[in-house]
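Reader: Hi! Could you walk me through this structure while I have it open on my screen?
Author: Happy to, just ask away.

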Amino acid sequence: MLRAGIVGLPNVGKSTLFNAIVGNAKAQAANFPFCTIEPNVGIVAVPDPRLTVLAKISSSSEIVPARVEFVDIAGLVKGASQGEGLGNQFLANIREVDAIVHVVRCFENDDIIHVSGSVDPLRDVDVINLELGLADLAQAEKRIERARKDARTKKEIQVEVDALDKIITALNAGKSARSVELNEEEELAIKAMGFLTRKPVIYATNVSEDDLATGNAFVDKVRAIAADEGAQVVVISAQVESELIELPEEERAEFLESLGVTEGGLQSLIRATYNLLGLQTYFTTGPKETRAWTIRKGMVAPQAAGVIHTDFERGFIRAETVAYQDLVDCGAMNAAKEKGLVRSEGKEYVVQEGDVMLFRFNV
């Protein structure tokens with residue numbers, strides 16, 4: 001399951017946003033630093049209207065969406081890399097996620113205290129990035145000493161040394177580990193270290209209700225940072241998300257439309273995270289259930305089958321495949337077969353977004 005860590009300075013709206021997107025009140029949200037101490041975890045369904053359409057075609061008894069795990073991590077402060085605040089615990093929690101959702105405060109409100117006394121997205125982003133970079137640097141320098149000794153007797157360790165050298169050089173220059181180009185062998189050598197600044201980042205700019213549709217000058221500053229880093233930006237309002245979960249499902253779209261937007265923050269965040277990590281969805285459907293499966297773009301049919309069960313990949317024979325829109329246009333699987341739209345794909349087939357698949361395999 002995809003895991004995304006929600007991080008940022010204290011009082012930027014992380015826990016409020018977390019509460020809203022998971023649709024419950026497990027995460028405490030209050031107006032003081034370190035309100036969140038233990039990371040709160042929420043598993044949310046990926047909104048996908050295609051599931052309902054497929055379930056209707058197949059008369060499915062159950063719909064099983066793809067899921068994303070969001071982790072609300074304690075607020076970070078200056079000096080966290082040296083253990084200030086809850087620094088060490090915070091950093092350890094981030095190492096365990098696939099992607100970072102960096103919440104940046106982009107709204108003015110005198111009633112909500114800012115840990116630094118004023119709203120300044122550039123400063124706030126720099127604080128987080130600096131602390132993550134310093135933590136990575138300390139980890140890399142500690143590890144490379146041991147790796148250099150080991151490389152004297154184990155030649156394969158030299159690959160790790162080379163990768164760490166590149167990362168240390170970048171970190172000392174104030175750059176992230178993400179900025180370093182590594183070959184496949186080097187990437188594998190340092191993967192277990194879980195460098196914080198090598199994880200993909202989405203900047204979630206938390207704005208007021210009035211700025212949700214258009215953003216503001218604060219958001220523009222964050223976009224400039226993201227452009228330099230090759231990161232993505234999502235404009236979101238924790239305030240709006242909190243109001244959305246209080247509304248009946250049928251009224252939410254109308255409320256969002258009144259604000260000039262077509263979707264809530266959850267959909268925006270998940271879509272951006274999928275894009276950032278190179279993920280896509282394929283479907284299985286039948287009378288029992290219609291289910292969405294998450295895979296990496298470029299996966300071939302046996303690998304996609306292996307997401308369901310390793311036996312499916314090991315004994316793969318073929319995949320009966322039809323494009324989502326072709327199936328919808330035909331209205332039934334049999335009709336799609338009669339028109340020749342259901343294809344028999346082999347081991348080299350690269351699965352496409354929205355494919356509806358049935359795997360044939362040997363046990």
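**Cysteines, rings and a cavity**

Reader: Let's start with the cysteines: how many disulfides are there?
Author: The count comes to zero disulfides. Keep in mind that this is a predicted model.

Reader: OK. Is Cys-106 buried or exposed?
Author: Cys-106 is buried, with a relative accessible area of 0%. Cys-330 is buried too, and its relative accessible area is 17%.

Reader: And why does 17% count as buried for Cys-330?
Author: Because buried means under 20% relative accessible area, and Cys-330 has 17%.

Reader: Switching to aromatics: how many aromatic pairs turn up?
Author: The count is four aromatic pairs. In one of them, Phe-283 and Tyr-324, the ring centres are 6.3 Å apart and the planes meet at 45 degrees, so the pair is tilted.

Reader: Which elements do Phe-283 and Tyr-324 sit in?
Author: Phe-283 belongs to strand 8 (residues 279-285) and Tyr-324 to helix 13 (residues 324-330), so their pairing ties together parts that are 41 residues apart in sequence.

Reader: What sits over the ring of Tyr-324?
Author: That would be the charged end of Arg-50, which is 5.9 Å from the centre of the Tyr-324 ring.

Reader: Which residues form an aromatic cluster?
Author: Tyr-282, Phe-316 and Phe-359 form one together.

Reader: New topic, cavities. How many of 30 Å³ or more does a search of the whole structure find?
Author: The search finds one. The largest cavity has a volume of about 30 Å³.

Reader: Which residues line the largest cavity?
Author: The lining is made up of Val-46, Asp-48, Leu-51, Pro-65, Ala-66, Thr-281 and Ala-292.

Reader: How does that lining divide into nonpolar, polar and charged?
Author: Five of the lining residues are nonpolar, one is polar and one is charged.

Reader: I was also looking at Leu-277. Where is Leu-277 found?
Author: Leu-277 is in helix 10 (residues 265-277). With 15% relative accessibility, Leu-277 counts as buried.

Reader: And what separates the C-alpha atoms of Leu-277 and Val-201?
Author: A distance of 9.7 Å separates them, while along the chain these two residues are 76 residues apart.

Reader: Last one, Ser-59. What is phi there?
Author: Phi of Ser-59 is near 55 degrees, which is a positive value in a residue other than glycine.

Reader: Where is Ser-59 found?
Author: Look in the loop between helix 2 (49-58) and strand 3 (62-64).

Reader: Is Ser-59 buried or exposed?
Author: Ser-59 counts as exposed, at 55% relative accessibility.

Reader: Great, thanks for the tour!

Conventions:
Residues numbered from 1 in each chain as written. Predicted model: local features only at pLDDT ≥ 70, side-chain atom pairs only at ≥ 80, totals over all residues. Heavy atoms only, no water. Phe/Tyr/Trp six-rings, centres within 6.5 Å; stacked < 30°, edge-to-face > 60°. Helix = DSSP H or I, 4+ residues; strand = E, 2+ residues; numbered from the N terminus. Lys NZ or Arg CZ within 6 Å of the ring centre and 35° of its normal. 1 Å grid on protein atoms, 1.4 Å probe; cavity = no way out; pocket = protein on both sides within 12 Å on 5 of 7 lines; lining within 4 Å. Points joined across faces, edges and corners; volume = space filled by probe spheres on them. Nonpolar A, V, L, I, M, F, W, Y, C, P; charged D, E, K, R; others polar. Disulfide = S-S within 2.5 Å. Buried < 20%, exposed > 50% of the residue type's maximum accessible area, 1.4 Å probe, protein only.
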